[in-house]
Amino acid sequence: MYWFYSPDIASLTLPEEESAHCVQVLRAKSGDHITLTDGQGTLYEAEIVNPHRKHCTFRLLSQTRPEPLHTGHVHIAFAPTKSADRVEWMIEKGVEMGVDAFTPVLCRYSERKTLNIERLNKIIISAAKQSLRASFPTLNELTPFSRLVTSATETDKLIAHCIEGYAPTDNKQAMQHSLTRGNDVVILIGPEGDFSPEELTLALAHGWQPVSLGPSRLRTETAALVAAHTALLINE
């Protein structure tokens, strides 16, 4: 099964890239039935009217709205790694798992301070179609740490850190014990150099709960996926 992405369903026309894949690669013909998604949670069954390689048109036959994959809203906020490939891999796998939103965060010790948002959005679309997701996750702009921690609105706000000897870590607990099924959650993952003490102090002052992802020291992209998987399992 292959789904096509059409953000503007009302146009009754596939975007150029989707048209090329449908007509040139998959050899679709007039009268063939295809499945479309608008990325906002709705699926459409359609029939091809004009199989043009740049603007393939269709007529709608029916629409459905599948049940969400999980309860709550799972948001991963992360400091981008020095390697762009690792960021892309993390985003792709997070989409496949069911993450609802990603926010790259600019921290004091961040190794990467720019991102190709357009490329990452293409990866999100491709991964969402591949994993048959009707609702595509949101990718937010690169956000300063202070803005994120002071403006997050999720019920559960978790920050995973490895700072040794920081007094408030006395109440740090395993992440799975800090989640409530059905709550919206944001999990903040720091850079390879971790958060600064000042950043952790600011987060705790704004109600963030420090959590542990286990005894192993994890790379940023690995930690992000471990956190995502834990939250998604709790919210199944």
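**Close-up views of a predicted model**

Both Tyr5 and Phe136 are buried, where buried means under 20% relative accessible area, exposed over 50% and partly exposed in between, with a 1.4 Å probe and protein chains only. This is a predicted model, in which local features need pLDDT of at least 70 and side-chain atom pairs count only at pLDDT 80 or more, while totals for chains, interfaces and linings use all residues. Residues are numbered from 1 along each chain as its sequence is written, and side-chain values use heavy atoms, with hydrogens and water left out.

**View 1. Aromatic pairs.** A search of the whole structure finds three aromatic pairs. Rings of Phe, Tyr and Trp (its six-membered ring) pair if their centres lie within 6.5 Å; planes under 30 degrees apart count as stacked, over 60 as edge-to-face and the rest as tilted. Tyr5 and Phe136 form a tilted pair, 4.8 Å centre to centre with 40 degrees between the planes. This pair links distant parts of the chain, since Tyr5 belongs to strand β1 and Phe136 to the loop between α3 and β7, 131 residues apart. Helices (H or I, at least four residues) and strands (E, at least two) are DSSP runs, numbered from the N terminus. The ring centres of Phe145 and Phe195 are 5.6 Å apart and their planes stand at 55 degrees, so this pair is also tilted. Phe145 lies in helix α4 (residues 145-151) and Phe195 in the loop between β11 (185-189) and α5 (197-205), so the pair ties together parts that are 50 residues apart in sequence. Phe145 counts as buried at 3% relative accessibility, and Phe195 counts as buried at 2%.

**View 2. The open sheet of four strands.** The strand order is β1-β2-β3-β4, with mixed pairing; two strands pair if DSSP finds at least two bridges between them. β1 and β4 (57-64) stand at the edges with a single partner strand each, so one side of each is left without a neighbour in the sheet. Three bridges join β1 to the parallel strand β2 (residues 33-37), and Trp3 stands opposite Thr35 in β2.

**View 3. Helix α3.** The 14 residues of α3 (residues 117-130) should span 20 Å at 1.5 Å a residue, and the end C-alpha atoms are 20 Å apart, which agrees. The expected span is 1.5 Å times one less than the number of residues. The buried residues of α3 are Leu120, Ile123, Ile124, Ala127, Ala128 and Lys129. Their cover includes β1 (3-5), α1 (16-25), α2 (84-97), β6 (101-106) and β7 (138-139). After α3 comes Leu132, whose phi is positive, near 60 degrees.

**View 4. Strand β12 and its partners.** Strand β9 (residues 156-160) runs parallel to β12 (residues 209-212), joined by three bridges; Ile159 has Pro210 as its bridge partner in β12. Strand β10 (residues 173-174) also runs parallel to β12, with two bridges, and Gln173 stands opposite Val211.

**View 5. The largest nonpolar core.** A nonpolar core is a set of buried Ala, Val, Leu, Ile, Met, Phe, Trp, Tyr and Cys residues joined through side-chain atoms within 4.5 Å. The largest has 32 residues, and those with the most contacts inside it are Ile76, Phe78, Ile91, Phe102, Met175, Ile187 and Ile189. The elements giving two or more residues are β5 (74-78), α2, α3, β9, β11 and α6 (220-234). The largest share, seven residues, comes from α6. Apart from this core lies another, of 16 residues, among them Val105, Val149, Leu188 and Phe195.

How values were computed: Contact = heavy atoms within 4.5 Å.
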